[in-house]
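Subject: Structure handover

Hello,

Here is the structure I promised to pass on. My notes on it follow below.

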Amino acid sequence: MRGVVFDEEGVRVRDDIELRAPGADEVVVRLLAAGVCQSDVKLFTGVTRLPLPIVMGHEGAGIVEAVGREVDSVETGDFVVVHTLRSCGWCRHCVAGRPTSCTNAGGGIDTPFSAGGHKLHQFASTSVFVERTIVRREQVVRVDLRIPPTAASLLSCAVLHGSGAVTNRAHVRAGDTVAVFGTGPLGLNVIQAARIAGAQRIIALDINRELEALARRCGAHDFSATHDSSGVLDLETAGVDHAFVCTPDAALVTQAITATAASGQCVIVEFPGLGVRTDFEVRQLYLDKSILGTRAGTADPVRDIPRLVALYLDGQLLLDELVGGTAPLEGAEAALTELAAGPNAPRTVLTIS
Ligand SMILES: [Zn+2]
Ligand SMILES: [Zn+2]
């Protein structure tokens, strides 16, 4: 079968990829669409270093083609969103509904891919720039057939993580004020989730003015072409209830804390690399301010993905607007190159079968 493989020589489409049989708790998915994301770009540009060769892609939608003997959550023919979040289902965090904190998610599964007698690695426990993949049963969520595969493919990454930061971690409520530092895919989804939650004022900040129109379309009331806290404080002099950091720039954490009102919170949605530090005046937290982190929007995919689909079908959640264009698997390299050059939104979706 065909798939996009990254190795020492770069990105190429291979047509000789073989897929092993699924294990007892695994699902075979025939991919229909897959989003091209910054995480793929980081692999492509060498920022993320993983064993090669590797089958690319990590956010997709498709049809269940086969299931292992222990799988009863989905069945052959189901339309599903494929996501990267693995969880055991029975540790204390999973039982409490916090699968992103699972302490027992396990390592990567035995890669399902090979070509020419050699293994091809699986990216982010998913790999979706390929005609078929195998994932564990908790990595697929059945969704309403009325959502197009291109839109559905975006749900498992930036949409789930950005909206989850708003609803699951920050618990934004009607009437709250919000600032969003960085309006790439994560920031746009923070903005639209804050709008859906009823935030009374949403201030978007990004040094790239090209992103203003889409930020406003998603729900931003104001756009400041700066990453400085003044972009918030000039508009809301006492600061905002929730300041979200949606770019991997530690300096923005300092700015976001400064832009946070008394009793408010700075929420870090996108994280810089290991070892990166920042500093801030500790006294700034005195007025009951908090700093929160979130992994993958503190999501519970089984709960959150169908809810996002319902919001899309109701016209509240914008997904088609986040798709910049579609391309076949052969278009992956061009899409990665374009995304690496920025801006970060909207994105290309690969249509596979
Ligand atoms: Zn992604
Ligand atoms: Zn667990």
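Predicted model: local features only at pLDDT ≥ 70, side-chain atom pairs only at ≥ 80, totals over all residues.

The buried residues of helix α9 are Pro301, Asp304, Ile305, Leu308, Val309, Leu311 and Tyr312; buried stands for under 20% relative accessible area, exposed for over 50%, and partly exposed for what lies in between (1.4 Å probe, protein chains only). Viewed down the axis of α9, these buried residues fall within an arc of 160°, so they line one face of the helix. That arc is taken from the directions from the helix axis to the C-beta atoms. They pack against β7 (79-82), β11 (140-142), α3 (149-152), α4 (155-170) and α5 (185-197), where contact means heavy atoms within 4.5 Å. Helices (H or I, at least four residues) and strands (E, at least two) are DSSP runs numbered from the N terminus.

Glycine 315 follows α9 and has a positive phi, near 85°.

Residues are numbered from 1 along each chain as its sequence is written, chains are lettered from A and ligands numbered from 1 in the order in which they are written, and side-chain values use heavy atoms, with hydrogens and water left out.

Donors are N, O and S atoms within 2.8 Å of the metal (3.2 Å for Na, K and Ca), and sites may look incomplete because water is not among the atoms. Histidine 58 is buried at 5% relative accessibility, and glutamate 59 is buried at 0%.

The zinc ion (ligand 2) is coordinated by the SG atoms of Cys88, Cys91, Cys94 and Cys102 at 2.3 to 2.4 Å. Its four donor atoms subtend angles of 106 to 116°, which makes this arrangement tetrahedral. Along the chain the donors follow the spacing C-x2-C-x2-C-x7-C. Cysteine 88 lies in the loop between β7 and α2 (92-95) and cysteine 102 in the loop between α2 and β8 (113-115), so the pair ties together parts that are 14 residues apart in sequence. Cysteine 102 is buried, with a relative accessible area of 12%.

Aspartate 15 sits in the loop between β2 (10-14) and β3 (18-19) and is exposed, with a relative accessible area of 60%. Apart from its neighbours within four places in sequence, aspartate 15 is in contact with Met1 and Arg2.

As for the whole chain, the secondary structure comes to 10 helices and 19 strands. Of the 353 residues, 56% count as buried. The C-alpha trace spans about 60 × 40 × 40 Å along its principal axes.

Regards

Note on methods. Tetrahedral: all angles 85-135°; square planar, octahedral: opposite > 155°, others 65-115°.
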